[in-house]
Amino acid sequence: MIKSLRLRLSLLLIFAVTLSLAGFGFYGHQDLVGQLNENFATTQQTTADRVAKVAATPLWEVNEDALANSLRAQLGSADIEAVSVQDSGGTTAAAFERDAGGRIVATKEIRRPNALIVEKPIFRAENQTESIGTVAIRFTRARLDATIQRNAYSLVLQILAVDAVLIVLLLASLRIVFRPLAELRDALMQLSGQERGGQAAITELPEGQSRELAGVAHSFNLVLRKIREEGQQQEAILSGKAKAGELSQRLQHANDYEEFGRQLLGYLTSWL
């Protein structure tokens, strides 16, 4: 079974380009995911520290309205699902969460199975060593995961788009290389099927297409010219032989006529 070199090169180039783009894309995606996760972890700690400071004064002064307003304000962030504050005795002073409809409602317990919760101690504003309670925040990775997923989809589309452009360019490059070879093949096939003297009907290959293939075309043209010259010489020789044969035949006929005349003359002489 004859295998196509062009097809094999095309498949090899497609595989190499796709693998390279996928490798670089995967590396970039993993690097982005690492940075997003690191930023998210930093955001959790920063948010917990800020809420602990904001809740310190209302908790110490037992100002439930101020504490509730402070906690509701924290739920404005899309990364926070619920927040609660407990006093030093473990009693919940205030707790709020966002329900399925996105409304902020009061609750008694924010902990859920497999929930992402960060806790921080609350210290008095006047004495940073005296703990007066604990703040607990339940975070959600929904927005972060959605960002990672969108980036993955975008990366796949980018790889496919770049891959398609590069494949088209590579296939076009292969066509530029193989088209002159196909012309050379057709010319050789035509040359092999021509009878003697039919080489004049074969056109020479252009030699100015590319520097790399100019030598091949030039060599073929030299061979074609040599064959034409030899054909012309053979035709001249055959033409000369044909003319010599015709002259010989005429001389033979003349000799025959002379012999006939001699025989006729002898016959007449015998009778006379």
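Reader: Which residues touch the most other members of the largest nonpolar core?

Author: This is a predicted model: local features need pLDDT of at least 70, side-chain atom pairs count only at pLDDT 80 or more, and totals for chains, interfaces and linings use all residues. Residues are numbered from 1 along each chain as its sequence is written, and side-chain values use heavy atoms, without hydrogens and water. A nonpolar core is a set of buried Ala, Val, Leu, Ile, Met, Phe, Trp, Tyr and Cys residues joined through side-chain atoms within 4.5 Å; buried means under 20% relative accessible area, exposed over 50%, partly exposed in between (1.4 Å probe, protein chains only). The largest core has 26 residues, and those touching the most other members are Leu71, Val83, Val85, Ile122, Val135 and Ile137.

Reader: Which element supplies the largest share of this core?

Author: Helices (H or I, at least four residues) and strands (E, at least two) are DSSP runs, numbered from the N terminus. H1, helix H2 (64-74), strand S1 (80-87), strand S2 (92-98), strand S4 (116-123), S5 and helix H3 (142-192) each supply at least two residues of this core. The largest share is nine residues, and their source is H1.

Reader: Which residues from Ala52 to Leu59 does Ile122 touch?

Author: Contact means heavy atoms within 4.5 Å. Residues up to four places away in sequence are not counted.

Reader: Which residue lies over the face of Trp60?

Author: A charge sits over a ring if NZ of Lys or CZ of Arg is within 6 Å of the ring centre and within 35 degrees of the ring normal. Here the distance from the ring centre of Trp60 is 4.2 Å, and the residue is Arg124.

Reader: Is Val62 buried or exposed?

Author: Val62 is in the loop between H1 and H2. Its phi is positive, about 55°, although Val62 is not a glycine. Most residues other than glycine have a negative phi. With a relative accessible area of 64%, Val62 is exposed.

Reader: Which residues does Val17 contact beyond four places in sequence?

Author: Val17 is in helix H1, and its relative accessible area of 14% makes it buried. Val17 and Leu170 are 153 residues apart in sequence, yet 9.8 Å apart C-alpha to C-alpha. Beyond four places in sequence, Val17 contacts Asp163, Leu166 and Leu170.

Reader: Is Asp163 buried or exposed?

Author: Asp163 is in helix H3. Leaving out residues up to four places away, Asp163 touches Val17, Thr18 and Leu21. Its relative accessibility is 7%, so Asp163 is buried.
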